[in-house]
Amino acid sequence: MHKFGRIKITTAIPGSLSGLKDLAYNLWWTWNSEAIDLFRDIDLVLWEKLGRNPVRLLQEVSRRKLEEKQASPEFMERYEKVMKDFRHYLSDEDTWFRRNCPQYKDEHIVYFAAEYGFHEVLPVYSGGLGILSGDHCKSASDLGLPFTAVGLLCKQGYFEQRINAEGWQETQYFSLNYSQLPVIPVTDDAGKPLTISVELSNRTVFARIWRIDVGRVKLYLLDTDVPENNAYDRSLTERLYGGDRETRIQQEIILGIGGIRALDALGIKGTVFHMNEGHSAFMGLELARKLVAERNIPFDEAREIVYSSSVFTTHTPVPAGNDVFPLEMVDRYFCRYWEQLGLQRHEFIRLGLKPGDPDNFNMTVLALNMSGRRNGVSALHGAVSRNIFNCIWPGFHEDEVPISHITNGIHTMTWLAPGIRHLFDKYFPSDWKYRLDDESVWESVDRIPDDELWKTHMTLKTQMIRCIRERLKKQYMANGVPLHEVNDLDNQLDPNAMTIGFARRFATYKRASLIFRDLSRLEKILNNKGTPVQIIFAGKAHPADRPAHEVIKHIHDIARREGFRGKIFLVENYNMSLARSLVHGVDVWLNNPRRPLEASGTSGMKACINGVVNFSIMDGWWCEGYNGKNGWVIGDDTPYSNEHHQDDADSKSLYEILEREIIPLYFNRDERGIPTGWVRMMKESIKSVAPVYGTHRMVKEYTQAMYVPCMERIRKIHESDCALVRDLAAWKRHVEAAWPHVTLTANEDIHGLSDYQAFSDQEIRLSVTVQLGMLAPEDVKIEVFYGPIVNNRIVQGKSAEMSLVRQTDSGTWHYETSLRFTDGGEYGYTFRVIPWNANQMNKYDLPLIRWV
């Protein structure tokens, strides 16, 4: 064959439609259905063929199609409205942040994450963590936060999943073509790609910077596929969560250290730095290194500044979700780096050591040690995290470990079905889209007539079934399934059957196969002619997670068995497109992780706002979201030490609730064929979940509880010309040196601290003597810690500060306080001393404590 060259033709966009390109390159369109409809209507067939990618659509659509639209008054009117809304959105300064935090308008929040899920056109996400990051950015944009995000641009993204004829997951990777994506190369003043460099062991690796516009927010992504690197280094950012631990530590150095250097290259000066999960924890070290080098200050002072400006969100209690690296690996990558921090090896290593694991450097521990504000992602997860990381604050009561919680949410306009949104437009206040976290707005759900809501749901369900059928047909044909079985799909997936959806990452703790624990019982549930039920499964297993692969294989095999064929469906290649279809169209959203391992879970939130009813274990967000009327609970909050017993109990509960409550309610229809009781629960699901579990509420909480306090503290540090941190660092050194000599003495008998008997509301006087040695009373707080006794332990403990009464001799002080108990019962009490300084971020900044 003759050699040939290539000629790429890009369609010229008529001047009157030139705004379409600006729209295509800003992901604002992903949560504005009018903009999506505009692109769809240019060429629907091409839009679907190109994976709903507006950049490719504008490159490949025929000139004739654009001219037809240009000549259509109706299309041009819609185009002008969308462009007006888009431009107003970008330029409007009357935002929530400007109204509520005007004094911080010149500050800047920088958000770090390893993955971001905005839309299936950009497959650089693996699951809920990435979707949460994307939704966080969207709400930050909607609320007008001064916000920039940083991540990695993985050329092959996360893998495409194929489930073969035997039911095994196969992974396929495809390189993204950046020229066909809403990704913009960042260049320097000379027009050359803007790059940064990091040191990896004995070499320098370069990364170029790309930009993605997310409404008002800019996301900058690092990419090592540049000519300056060798072949191995060019592949470092190729795959999300790909490779071994060696690859992972290199990716995380690029993300954390390289991310800070990218901000410097871009001239972006952050005030607050938010680490979303521990992948970016090296960020804190680079911020400290810069301070040491630029201000010539010691590490402990630099750390105080970093600590004051950093927020850390932990997302999982599952060990696999918390990266650890062997110390020999850390030595290879950081042996020259800790010198730049002014640290010895043992001082550096200590920043990432979890007590009890002396051989590994833990990224979650590093993030906890470098950030002054930390949170889990639900109330239960906050408690679980305090339990897991209590060891970092040894001696402290678990409930007082300084890890709070901010429950996750979802970006409402991204996940709301257009049909449901139309109903809200019709029956809600006209400004409802701007009051998404206002609970009074969502009371309007009750104004929607039952028949309209049910009809809309059934339309969405029919659309979902059509989507699943088309996907399954392609899946079956690729696996050589006989044609008659492929055609049978047209008679399967019954719109009138109650449809359960289970779709998420196939990590084993999520127990995708729990519903198969009693197959004969499930078979009866599925095949009752009067009350048909069907279940749709979708999800990816991490390529290295063999047990999760076996779960997929197990579901596949059951779906092929007699009695389950045509009732159980396993759909391959779960992504955001399939997720939207499922959360819009199924009847019941099933969630049965092993409690308490689901940190939050957001898929149920996406389902609930669309009127899909949640059926879940009491784990993650559902512990807070369930109100007794908006869904069902599987099992209870009983703690289990035996997983087999837990699975037995939960599966029995699952079957019983399906049989006795869910299925009867679904099929109980009035004379119009409407399940009025079910619709009532749909409405309760929407109005109880939508205002509370959205990212608008979540981002406002981060702003008020995390970002603004950090901004205020950094402002105080700068106003003091860093005297605040110098004094605080010196005070901490002084306290740590003196602490071994601190002791407490209280009245005791042979059994321990003295017992008291009193009537309710009677005053009890308590006293303690404290030897402070080289410390002064103003360096400490003396507290009584008390609470009910359960199993010979104080539970739900509270602390009360004691008052200094007198000095008994040099270094010895006497403190007293009084307690009153209104309720009868048995209570315990004890005494403790903790370091105290008014300039600490919280009372447990210095993890020292002494009990009597």
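Student: How much of the protein chain counts as buried?
Tutor: Of its 852 residues, 59% are buried. Buried means under 20% relative accessible area, with a 1.4 Å probe and protein chains only. This is a predicted model, where local features need pLDDT of at least 70, side-chain atom pairs count only at pLDDT 80 or more, and totals for chains, interfaces and linings use all residues. Residues are numbered from 1 along each chain as its sequence is written, and side-chain values use heavy atoms, leaving out hydrogens and water.

Student: What radius of gyration does the protein chain have?
Tutor: The value is 29 Å. That agrees with a compact globule of 852 residues, which would have a radius near 29 Å. The radius is taken over C-alpha atoms, and the globule rule is 2.2 Å times the number of residues to the power 0.38.

Student: And how many helices and strands?
Tutor: 31 helices and 31 strands. They are DSSP runs, numbered from the N terminus: helices are H or I with at least four residues, strands are E with at least two.

Student: Switching to H16. Buried or exposed?
Tutor: Mostly covered: 8 of its 8 residues, 363–370, are buried. Among them are Met363, Leu366 and Asn369.

Student: Which residue caps the N-terminal end of H16?
Tutor: Asn362 does. One of its side-chain oxygens lies 2.9 Å from the backbone nitrogen of Thr364.

Student: Now Arg162. Where does it lie?
Tutor: In strand E3, residues 160–163. A polar atom of the Arg162 side chain lies 3.2 Å from the backbone oxygen of Ala478.

Student: What else does Arg162 touch?
Tutor: Leaving out residues up to four places away in sequence, its contacts (heavy atoms within 4.5 Å) include Trp168, Glu170, Asn479 and Glu572.

Student: Backbone next. Where is the cis peptide bond?
Tutor: Between Arg595 and Pro596, with omega about 5°. Pro596 is in the loop between strand E18 (588–591) and helix H26 (603–608).

Student: What about the phi of Arg511?
Tutor: Positive, about 50°, although Arg511 is not a glycine. Arg511 is in the loop between strand E15 (498–503) and helix H23 (519–526).

Student: Why does Arg511 count as buried?
Tutor: Because its relative accessibility is 5%.

Student: And the phi of Asn573?
Tutor: Also positive, about 60°, and Asn573 is not a glycine. Asn573 lies in the loop between strand E17 (568–571) and helix H25 (576–585). At 14% relative accessibility, Asn573 counts as buried.

Terms used:
Buried means under 20% relative accessible area, exposed over 50%, partly exposed in between (1.4 Å probe, protein chains only). A polar contact is a pair of N or O atoms within 3.5 Å; within protein, one must be able to donate a hydrogen and the other to accept it, and residues adjacent in sequence count only if both atoms are side-chain atoms.
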